[in-house]
Amino acid sequence: MKRKIIPTLLALALTALLAPAAFAAAPPSPCYPTSVTRSEDGAQIRKVYDLGPEEDPAGISRSDFQQEGFHYTLTDLLKQEAPEREERFHTETVTLDSKSKDMESVLALLPAQREFTTEDGLTGTLSLKLDTVQVNVAGYGSSTRQVSATRSYPNLTGQDTSYIPKEITDNGRTLELASIDWRTDNTANEDGYAVGDRYTAIATYTGSATSSYVKGYVVTADYSGTVSRIALNKVRYVAIFEGVPLVPVEPDPTLSPPPTCRSPPPFSSIGAMCWRPWAWSRPSAAAPARPCSSRSAARAAMKPRRTANEKTENPAFHHAVPVYHVRAGAPGQRPVL
């Protein structure tokens with residue numbers, strides 16, 4: 001019986017420990033600004049948040065960010081209670097088409113007052129500003145029509161078309177001969193018959209003419225007045241970010257490079273050689289310099305430097321550094337000290 005109770009108690013204890021993590025509050029939903037304004041010099045950005053009662057202001061972003069060469073940091077988060085009634089002065093420009101440019105006809109298209117609603121929900125009655133009414137041509141069109149002209153050529157001896165011009169110019173347009181109507185001007189009696197001896201030619205010329213016309217007019221006018229709205233239980237938060245210009249960091253030419261040490265020479269199977277592993281020296285062209293590790297650099301900084309006088313005056317200095325003689329072995333074998 002005891003064996004069954006102990007696992008049950010352990011399971012209940014584990015459940016009690018994991019319950020707070022399982023029922024922990026979820027992160028707040030992100031809030032998005034209603035408007036964002038940036039100063040002319042770029043040193044400040046203001047983000048306006050209009051939050052409802054169901055929105056958590058903890059969702060307002062407070063993180064630093066970079067934009068257009070500046071690094072911005074949140075400096076203030078202001079809370080403003082929305083007024084019960086919000087109003088401001090507003091001007092709305094209207095545009096409409098007109099068939100005539102006569103001002104009386106144009107004003108008939110523009111009422112003295114109109115109701116307007118702005119993009120952010122403010123409404124109001126605006127009045128027409130007569131000094132802002134303008135009428136402009138909307139465009140031009142062209143049309144082609146047929147034109148005709150007649151010419152009379154009297155006192156011709158015969159009905160010969162060679163006497164009639166084939167083209168004429170009328171009002172700057174060139175017209176071509178289309179038809180001829182012959183008429184008899186004088187008659188004579190020969191053997192009891194009337195015979196005409198003089199004729200008049202009535203010639204008709206035709207052509208086309210192109211003219212332009214105004215398609216219509218565009219009327220623009222301004223309406224001005226006060227627009228307002230009732231606040232819908234919202235709280236306004238203003239996040240103020242101060243910006244600092246981003247300046248690229250250039251290396252300081254006065255700083256010296258990190259200390260370097262010489263790499264130990266490799267063991268060679270050709271002859272014997274000596275090596276002092278703790279003897280520090282400056283790099284030369286024969287042995288390329290390599291950067292010291294952090295431990296080697298610290299050890300070099302802590303080791304006291306000896307002058308040339310100390311080396312000559314203290315004979316024990318020459319015997320302080322042991323010398324190892326390495327005897328070369330066969331190829332592939334480890335050198336023997």
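User: How many bridges join strand E6 to strand E7?
Analyst: Five bridges join them. E6 covers residues 113–117, E7 covers residues 123–156, and the two run antiparallel. Keep in mind that this is a predicted model.

User: Which residue in E7 does Arg 114 stand opposite?
Analyst: That's Leu 126.

User: And what happens in the hairpin of E6 and E7?
Analyst: Five residues sit between the strands there, and Gly 121 takes a positive phi near 95°.

User: OK, zooming out. How many helices and strands does the protein have?
Analyst: There are four helices and 15 strands.

User: What's the strand order in the open sheet of five strands?
Analyst: The order is E1-E2-E11-E4-E3, and the pairing is antiparallel. Strand E1 (35–38) and strand E3 (65–67) are at the edges with a single partner strand each, so one side of each has no neighbour in the sheet. From one strand to the next, the twist averages 30°.

User: How are E4 and E11 joined?
Analyst: By 11 bridges, with E4 (residues 70–81) and E11 (residues 235–245) running antiparallel. Within that pair, Leu 78 stands opposite Val 238 in E11.

User: New topic: what share of the residues is buried?
Analyst: Buried residues make up 20% of the 337 in the protein. The protein exposes about 25,500 Å², and carbon and sulfur atoms supply 54% of that.

User: And what share of the contacts comes from residues 24 or more positions apart?
Analyst: Counting contacts with a separation of 6 or more, such residues account for 71%.

Terms used: Residues are numbered from 1 along each chain as its sequence is written. This is a predicted model: local features need pLDDT of at least 70, side-chain atom pairs count only at pLDDT 80 or more; totals for chains, interfaces and linings use all residues. Side-chain values use heavy atoms; hydrogens and water are left out. Buried means under 20% relative accessible area, exposed over 50%, partly exposed in between (1.4 Å probe, protein chains only). Contact means heavy atoms within 4.5 Å. Accessible areas come from the Shrake-Rupley method with a 1.4 Å probe; for residues, only the protein chains shown count as cover. Two strands pair if DSSP finds at least two bridges between them. Axes are lines fitted to C-alpha atoms, for helices over the stretch in contact, and angles run from 0 to 180 degrees between N-to-C directions.
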